[in-house]
Amino acid sequence: MSIRHTTTGRRALAAAALTAVFGLALTGCGDDGGGDEAQQGGENSAQPSAPATTPSTEEKGEQQPDTAAGESVDPNVKLAEIRGDGLVLTIHQAKRDSGGFVTVQASIKNEGTVSKNTTAWAGTESALLARNPNSVAGATLVDKVGKKRYYILRDTENRCLCTTGIPPLLAGKTTSVFMQFPAPPDTTTEVDFTLPTFATTSVKISG
C-alpha cells in the first residue's frame, strides 16, 4: 500500500470520529433535564413509605412486661376474679398441655388512683427473687384432693416459666401475665390458685 493511500485512510477515520463527537455534543445540548428529574424520581420512589401508626400499649391502657405467653386468649373469658390491694386479677385460662404442665393465663388491673408496686408477686424465695425480679414467680396451685402444692416451673438457671419484668402498675392500667406449673393428675380438674397480695380462688383446668 502507498503512503498516499494510508494518509487518506487515516483522514477518513478522523473525520468519522469528529462527526460522532459533534453528534453526541448536540444530543447533550438538547437534553432538557428530564434525565435528572427521572433520576430524582427514581431515588424518591426507592424511599419506603411510612408505616401505618397503631395505638401504643399505653394508649390502649395496657402495660406489657418483658415476657409473655405465646398463646393468645380471649380477655372476655373469666374463670375466676380475685381482688387485693386495689387490684383485680382475672384468670382467663388454666389449660393442661401435652407436655405435662398447666399454663395459667391472667390479667391484673389497677382500679385505684395511684400506681401499685408489683415486687411482692415474685414471692419470698431468695433463689427465685435473684433470677426473676418483678415477676409472678410466687404463684402456686394446690390440689386439695391430692393434697399437693405445685410451684411454678423453672429452667436450669432458676428462671421461672412465667411473666417477668413487670413494671409498677399505673392507675387504671392492665398487665397480662402467664404462669406454667407441673400438671396434677388427669383426675384433678380443679385447683386452688394463689398469688401474693391476692385472695385464693378455685380454678377449673381445661384440656
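This report describes the fold, the core and several individual residues of a predicted protein model.

Residues are numbered from 1 along each chain as its sequence is written, and side-chain values use heavy atoms, with hydrogens and water left out. Because the model is predicted, local features need pLDDT of at least 70 and side-chain atom pairs count only at pLDDT 80 or more, while totals for chains, interfaces and linings use all residues.

**Overall picture**

The chain contains 3 helices and 9 strands, where helices (H or I, at least four residues) and strands (E, at least two) are DSSP runs numbered from the N terminus. Their order along the sequence is α-α-β-β-β-β-α-β-β-β-β-β. Of the 207 residues, 32% are buried; buried means under 20% relative accessible area, exposed over 50%, and partly exposed in between (1.4 Å probe, protein chains only). The accessible surface of the chain is about 12,900 Å², and carbon and sulfur atoms account for 54% of it; such areas come from the Shrake-Rupley method with a 1.4 Å probe, and for residues only the protein chains shown count as cover.

The mean pLDDT (the predictor's confidence in each residue, from 0 to 100) is 76, and 66% of the residues reach 70 or more. Over residues 1–61 pLDDT stays under 50, and the model has 10 contacts beyond four places in sequence for this stretch. A contact means heavy atoms within 4.5 Å. Among contacts in the chain between residues at least 6 apart in sequence, 63% join residues at least 24 apart.

**The core and the aromatic pair**

In soluble globular proteins, nonpolar side chains tend to be buried together.

The whole structure holds 1 aromatic pair. Rings of Phe, Tyr and Trp (its six-membered ring) pair if their centres lie within 6.5 Å; planes under 30 degrees apart count as stacked, over 60 as edge-to-face and the rest as tilted. The rings of Trp 121 and Phe 198 have centres 6.1 Å apart and planes at 40°, so the pair is tilted. Trp 121 lies in the loop between β4 and α3 and Phe 198 in the loop between β8 and β9 (201–204), 77 residues apart.

**Lys 116 and Asp 85**

Lys 116 is located in the loop between β4 (101–110) and α3 (126–131). Its side chain reaches the backbone oxygen of Asp 85 at 3.3 Å, a polar contact, that is, a pair of N or O atoms within 3.5 Å; within protein, one must be able to donate a hydrogen and the other to accept it, and residues adjacent in sequence count only if both atoms are side-chain atoms. Beyond four places in sequence, the contacts of Lys 116 also include Leu 87, Asn 110, Pro 168 and Leu 169. Asp 85 belongs to the loop between β2 and β3, and its phi is near 55°, a positive value in a residue other than glycine.

**Accessibility of selected residues**

| Residue | Relative accessible area | Class |
|---|---|---|
| Trp 121 | 1% | buried |
| Phe 198 | 10% | buried |
| Lys 116 | 18% | buried |
| Leu 129 | 35% | partly exposed |
| Asp 85 | 53% | exposed |
| Lys 147 | 75% | exposed |
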